[in-house]
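Dear colleague,

I am passing on the structure we spoke about, and below it you will find some notes on what turned up when I went through it. Please read them with the structure open beside you.

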Amino acid sequence: MDPIVNIFGHFHPLLVHLPIGILLFAILLHGLSYKKRFSNFEIILPFTYLIGAIAALLSCLSGLALSTNGEYDEQILFYHQWLGITVAIVSIVGAYFTKKQKTTISKWVSIALLVLLFITGHYGGTLTHGEGFLTKDATAQIKVATKPVITNTQEAFLYADIIQPILEEKCYGCHSKIKQKGKLRLDTKEWILKGGEDGIIIHNGTALNSPMYKRIILDPVDEKHMPPKGKPQITDQERILLEWWINSGDHFDKKVKELVQPANIAPVLIVLEKNTIKPIVNEEVPLNEIKPANQNSINQLTKIGVTILKVANNSNYLTANFITVIKSNDTIANLIKTVSANMVWLKMPRMNFSNAVVAAIASCDSLTKLNIEHANITDDQLNQLQNLKRVHYLNLVGTRITLKGLLPLKNLNQLSELYLGETLISNKDSLLIQKTFPKAKIIFGNYRTQNLPSDTVVLKAPIKK
Amino acid sequence: MSKDNKKIIKEATIATTEQITRKYFFKECFSGMGAMALGSMLQGCDWLGNKDSFNNFTNTNPLMARAPHFIGKAKSVIYLHMAGAPSQLELFDFKPDLLKLDGQDCPQSLLEGKKFAFIRGVPKMLGPQAVFKQRGQSGAWISDNLPHLATVADEISFLKAVQTDQFNHGPAQLLMHTGSPRLGRPSIGSWVTYGLGSENSNLPGFMVLTSGGNNPDAGKSVWGSGFLPSVYQGVQCRNEGDPVLFLKDPAGIDRDLRKASIDAINEANQLTYNEFQDPEIVARMAQYEMAFKMQISVPDVMNINDEPAYIHEMYGTEPGKASFANNVLLARKLVEKGVRFVQLFDWGWDSHGTDGTTAVDIGLVNKCRNIDKPITALLLDLKQRGLLDETLVVWGGEFGRTPMQENRDGKTMPFKGRDHHTEAFTTWMAGGGIKQGSSFGETDEIGYSAISGKVTAHDMQATILNQLGFDHEKLTYTSQGRQFRLTDVHGRVINEIIA
């Protein structure tokens, strides 16, 4: 195609806004001119319609130039094209009748023009942004919710169940029935194998030779990268799946189990299945909102050396670290009590616990993490904490805690991490502890690195002659 | 007098009177004040919409602990930088195809339009100089140079396709740590301290330990505070002698007298601050206070003699000896004490092959032995103390090394070495909410260029900040009329490696 025609065509998205603006303004002036106050607007009407008509004509011509590249859905293009031409003609008609001061006819012409403008514009939008673009975001959410669930990936069809949904989500916007950018469609087997204007997109079953895959792995800032900048990108998992699909010889009707599965596929398939099961999330911080804690208490705690602050700017829950405070006293206990509802993460390493401070901690209902490593705490004191049901992280490393202190905490059924290194509890009792805290990962630590003979060897360069 | 001259004189008279007339004075006053008022109004209504961005500097206590933007997984970071750039091809990026090409001329296609630091003409390809195995359940490739680390492969997330655009050590290190290859930007540790303050009021938020005999090539700017108030710069501790220089009181000065003199100095500084409002004065006052506290806290935390014997055996530490192992153990102690960012630099990874110490099959192996056990011990020790979940460990260099053997000045080198390589190298992260046993990014069959999962220094920085609870686009500081951030205009959080 002639490059000048091509460039002119690319001006269409810019030019179309001229007739829309000018003609809407003409219709507005026209409507107002029926009011006595604005009756002198009549004089300007023929001119405004005429300018609008000229602008419409220019957009029609640029539109025709753009349509020659054949990237658009023919049906919608047909309507848009002829409606556009009609807009141009009707605006000339409007100019004529307003000039002749035929008020009744010109009134109906302007109403018709208004309707035409909206319909034509909508078809234009459909061509650029895809079908249903007005309501897209609302429907997209519903779509995610109803996305078919793969429960057994081995039984799934590679193309229909795994690949096609990826293409649909990430590629169909520009390469399907509604639009064929680069004369490429990806919505059926035949179209995929046919390729686009640069030829076939999948070469003899090797992903790295296939333009389709090459475009995906190009640098995201590269002009040829697909999907284009700003559009939702192919994720790494999806990329691995596409690579596998192409490498296995673009199979359209094989099940996953019928294909050779390279090493990097297994974890991705597991994730596909896992996506369908809701992951169990540990509540780092309770989900319900809470009022800000007493600022005065926070200030006083800060003053005595406690690092106490909100867990994040957008949360009123508190985290406190008593790193420089190792002596308990009643002031501390009372201050903790005043902010107990907000306290979620508490670190009191090497603290010498008094009963009062333990009681204060026991009142922190929202507490999810408690780290009292190397603290001086008795079994009886620890038992006081048995109602902190939300705690999922408990660090008792280096304390003198025994089973007598630990087992009564059986109510802490959210416990998922339990650190017992350097305590008086030995890992012989790990079965018993695991039974008490079924969800918990129990870490006794005591890790060692091996002593390898190579550790101390120092290589020397041979003396060259 | 000609007509033209008259005109010029008239213009000159008007120009002079404009400077001095009452009317002109008032006019200027109004427009000037109007502009000032508008400026303050615009600031007040936050017209750029940067509602969440905050200038964190407070006049009273710049190191006070602060909350991040959102709930972060990590509380602190240990960044292990192997200065000189370790060879990914001898450690993590296994390329059996490169072995087949060993000794052959490098194809022209890899050299055209490329610039190397030392390679000239046509170099030979150099196969991997280490034995690789897949490790752990994740099947990560780790060479026999790191036999200890191989045992904890399942804790680590590898980034196999890191890229940079700097092929000299200094600029590349600056890019890694300050987000810009040129001097003048704050380092990542400074940004973190600026954002979070110090969790332990007796210790700085950002501490630096170096080993390997030299400081990194980029110099101390690599842990500098740039345009941030200097209270946020990294505090370097030495391995031998006094950990921090000039911290001890002179003979004959007791602690009370020292306190009294600091109080007096700070009072004088406060008066100057009241007059000039220069934030650097506050920084200076905070540093005096901090130094006073550090006189007690630092010797305590920097002392590894009291660690039990099994810890020393685990890390391979020898108290009193300057070593990377000692620094790693110190890093764990510092993090335990609430230091936010511990930066370790180990010098000597620049494996050019000019002599035995820089050969990939001799010197590099020795360097690996120095770090292998300590890093493995660090991960295990953090884990058994329940700290790995909230401590992000980052390992990496400033760039990678070429699949070709270096031929400095076009000559064959006496030892096997590799040149600086920017297009693909490996780094890793562990703990701090990072996926366990995963790998992101791939390189081509000879490890020359990245194929997928490319990430940059800015992406790594964005990810580190994200794990600490920061939106890297919103942690900003206004300097010279614009808001700066660590990642400048770049950076993408690498969600693929986040658990």
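Setting aside the neighbours within four places in sequence, L23(A) is in contact with G52(A), S91(A), L113(A) and L117(A). Please keep in mind, for this and for everything that follows, that the model is a predicted one. L23(A) belongs to helix α3 of chain A, which covers residues 17–32, and the residue counts as buried because 28 other C-beta atoms lie within 10 Å of its own, where 20 or more are needed. To give a sense of distance within the chain, the C-alpha atoms of L23(A) and G305(A) are 71 Å from each other, the two residues being 282 apart in sequence.

The domain assignment divides chain A into domain 1 (3–129), domain 2 (147–274) and domain 3 (295–443). Between domain 1 of chain A and domain 2 of chain A, the C-alpha centres are 42 Å apart, and the contact draws on four residues of domain 1 and six residues of domain 2. On the side of domain 1 of chain A that touches domain 2 of chain A, the classes are one nonpolar, one polar and two charged residues.

Turning to chain B, its C-alpha trace spans about 90 × 70 × 45 Å along the principal axes, and the chain has 11 helices and 17 strands. Of the 499 residues in chain B, 53% are buried. If one takes the contacts in chain B between residues at least 6 apart in sequence, 76% of them join residues at least 24 apart. The domain assignment of chain B gives domain 1 (3–44) and a domain 2 that is made of two stretches, 76–243 and 302–497, and the C-alpha centres of these two domains of chain B are 58 Å apart.

How many residues of each chain take part where chain B meets chain A? There are 41 residues of chain B in contact with 41 residues of chain A. On the chain B side, the elements that supply two or more residues are α10 (363–384) and β14 (450–452) of chain B, with α10(B) giving the most, namely nine residues. Sorted by class, that side of chain B has 16 nonpolar, 15 polar and 10 charged residues.

With best wishes

How values were computed:
Residues are numbered from 1 along each chain as its sequence is written. Chains are lettered from A and ligands numbered from 1 in the order in which they are written. This is a predicted model: local features need pLDDT of at least 70, side-chain atom pairs count only at pLDDT 80 or more; totals for chains, interfaces and linings use all residues. Domain bounds come from an automatic or database domain assignment. Two residues are in contact if their C-beta atoms, placed from the backbone, lie within 7 Å. Helices (H or I, at least four residues) and strands (E, at least two) are DSSP runs, numbered from the N terminus. Ala, Val, Leu, Ile, Met, Phe, Trp, Tyr, Cys and Pro count as nonpolar, Asp, Glu, Lys and Arg as charged, and the others, Gly among them, as polar. A residue is buried if 20 or more other C-beta atoms lie within 10 Å of its own, exposed if 12 or fewer, and partly exposed in between; C-beta atoms are placed from the backbone.
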